[in-house]
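Here's a quick tour of a few local details in this one. Have the sequence and the model open as you read.

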Amino acid sequence: MATVLMCRRIPRLSRAAALSTTAKRGAEHGSSKSEQEEKDNPGTASTGSEPVATIQLLNPLDYRVLYNPSAYARGRAGSQQHLDRDSGQALGDTLTSPSAAQAPQAFPAASSRTLPPLRRAPSKSKSNTLLQQTILAALSEAEKEKWEVHDSKEDPRVFQKGRPEYRSLSCDSSEPAQPLPAEEGDSILDSVAACEGSPGSITDRFQRLSRLPVERRAGLASEPGFDALCHCAVQAIGLFSTPDLIQVLKSCVLLAVPPAHPLLDACEGEFCRRAWDMELEQLLLVADCWRCLERSVPSYLGILFSFANLHWKDLTLPQFVQLVYIIGEGRRAPADLAQKVESTILKYLDSFTLEELGAICLGLFKSVSGISDHVMRRIADRVSLQMEDMSTYALVNVLKMLRYTRMDHLPLLKELGKVIPERIPTVNIQGIMHITLTYSSLHYFDEGALAAVAASLPPRVSYCRSKDAAKFLWSFGCLDYEPPNEEEFYSSLIKQIHRKLHEFKKFPEHLLTALLGLAFVKRFPEELIDYALREDFIQKTRDSKYELSKDLFTLGKSVEIECPTYRGNRLPPQLCQEFTQMALSFAEQEIYVRPEIVEATSLLESMLGGPEYVRNHMILPHTRSSDLEVRLATDGHPVPFNFKGPVAASKLKDIGVSLTDDLMAQLIKGRARGPSPVDVENEGRTARQERGDEAGMPRSDGALTAGAKSPAEPQAGRCPGVPPSLPQPGEVRLALQVSNRNHYCYSSKRLLGLHCLKRRQLRRLGYVVVELPFWEWFPLLRRSRSEKLSYLHYKVFNPALLSRAA
């Protein structure tokens, strides 16, 4: 008997994995904070009409899927363009073999790494979920693990199966079509005698050895006969024709020759020597072989890029995509090619297959290549219209570039919210991490997608690397989202962080990322915090290639304010002072001088009676944003306290700020971008957008259970940044927040985690938080002085504030 899947089109899955039984529940729950804040919830599912697969299980042990390896994108009925992509051809290509798409090959489920997405059909969600669960249940634990593990060498090469032209541009590392018996290996090696034979015969021996069974090839490198053959090849390296030398290199790929092998040294030197006499097709093929061999060849790549630059107009579409792939895998982005790459993307944009579009985005992302907003928007336009037909792997690659460029493309994000939730159970952990990180990096809140992630994650948390677990915690904390299964979700990730604690010695940035994400949602696991604040770990953060001091300080000061019972390690006072000075210096240059803050400060001084009644400073510098502090007596009269000259006023007295139309358009409309990327690995960390820390926080004592939330009751206490005049009993201290768009999720009034943390901590220290929201204050900047004063008077002297404070 055999397992049979009967459907018009076989759904494609992207890495099968264990499926949580709570997946549907997570997608059906509402926001845990919807009754407290007004916020958008884009990304609702739409309806679909495609028939759902019927399942008949007979014998799972012989489970096989009918699958056409060349069909990476499913097409809509009646669309010739989609039919072309189904058969592995580009838009506009002629379909030479109509029967090919109708005669899929039998393909083992566990060995197909990139399968088509399930087409969404919300009305049939139970059937789709049953299909996913059935497929996953048929896989053994070893097969599930294989699905979960990302193959960084093979996965990016999927696009090469989409066109026949890639056969001459890439090295096929699959098993040979006509393998030789294992015993023939001995006779081949025995025939190598004293380096006799022409380059042609040497090439023939290499090709024949590459056709041996994989288990026989595995031991060749240690055999004397193979060493002798390699020695012969090195001796005659200059006599090989270019096609023969390429064949030797391709054979080395199948023979798994170590990257540092002397034969490869000789081959690299010879290819560099004759590169300018080779065809571009040959140069790209050799570069692909080096990638398969995992050998770094910067000199060869430099020649390839120079050659391509000179012959750019001759590049065909497949050659261009292969070149961008090589650029990405080599982690090199030639500056002189940037403009040509963009123009070529626009030239072929409608002709790329969706897999090729994903490969291009991945190549640009890996090589840290900048791309203009115009080109990225054009790419996103096409993806948003054809997302259903795109494999999840290619889609994730587009999302990587989207977040790298900080592109706020609303149509794509809305479509993502419709397509991705039902795919989540069959996407591997690293793919889910990148999807989640896209939402947090772009400050875009989609409860349906995040709930699906949270529901799917706990049963599969063991597959999370330290980086994955950290990014999940960061993303959910950044968006201030606690899912319906929050206790299970957070406890499973905290346990995984404990299991991966040894990895943080090498990657300290990931532990800080995780702990900050937890702090945003009021979770402070004691043992992990104690470890992160140890002297040796602090030194690792100082030695890191990333700027981690601000994140470290935000964590340390947050623990002091929110965890009065914590008794573990603390930040040294000298570091607190150092980070405070960094924060204040940054604020003086970048924050205090912002027009909306300067205007509010000036008007408050005028309204209250002078600069001694208001102070523009960072009450909590570790939260990296400024506050306008005002103090009121219990009878509502302002109290003078700031006998230190205002920083912003002294700096801007003779400068002035002109509120031009362009400036107002930027302030009011703006762009929902995250912080500028400091580096690719640390992207998505919104806590870096406004920098600064604070010193002098009084030390608190006590213990806190791991993973527990901090006490909810605010505790009044001395703020680390208080001005010279200390607050008197009975005074009401107001902390006015001049917010902007980057304090909130995209197109919503949902505060981001960092700013939730700040306001929570201000209240704990006895402040009454008053917001001047950007959607109210920015439009007022163009109104009359009296209107602005009236607004500020209402905000400061609101009777409800005094009554709440009392």
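## Ground rules

This is a predicted model, so to speak of local features takes pLDDT of at least 70, side-chain atom pairs count only at pLDDT 80 or more, and totals for chains, interfaces and linings use all residues. Residues are numbered from 1 along each chain as its sequence is written, and side-chain values use heavy atoms, with hydrogens and water left out.

## Two arginines with positive phi

Arg331 isn't a glycine, yet its phi is positive, at about 55°. Look for Arg331 in the loop between helix H13 (317–329) and helix H14 (338–348); helices here are DSSP runs of H or I, at least four residues, numbered from the N terminus.

Arg406 also has a positive phi, near 55°. Arg406 sits in the loop between helix H17 (392–404) and helix H18 (410–419), and is buried at 4% relative accessible area (buried is under 20%, with a 1.4 Å probe and protein chains only).

## Arg274 in H10

Arg274 belongs to helix H10 (residues 262–274) and is buried, with a relative accessible area of 8%. A polar atom of the Arg274 side chain lies 3.1 Å from the backbone oxygen of Phe240. Beyond neighbours within four places in sequence, Arg274 is in contact (heavy atoms within 4.5 Å) with residues including Ile237, Ser241 and Leu245.

## H19 against H20

Ile432, Thr436 and Tyr439 in H19 meet Ala449, Leu450 and Val453 in H20. By class, that contact has five nonpolar, one polar and no charged residues (Ala, Val, Leu, Ile, Met, Phe, Trp, Tyr, Cys and Pro count as nonpolar, Asp, Glu, Lys and Arg as charged, the others as polar).

Notes. Buried means under 20% relative accessible area, exposed over 50%, partly exposed in between (1.4 Å probe, protein chains only). A polar contact is a pair of N or O atoms within 3.5 Å; within protein, one must be able to donate a hydrogen and the other to accept it, and residues adjacent in sequence count only if both atoms are side-chain atoms.
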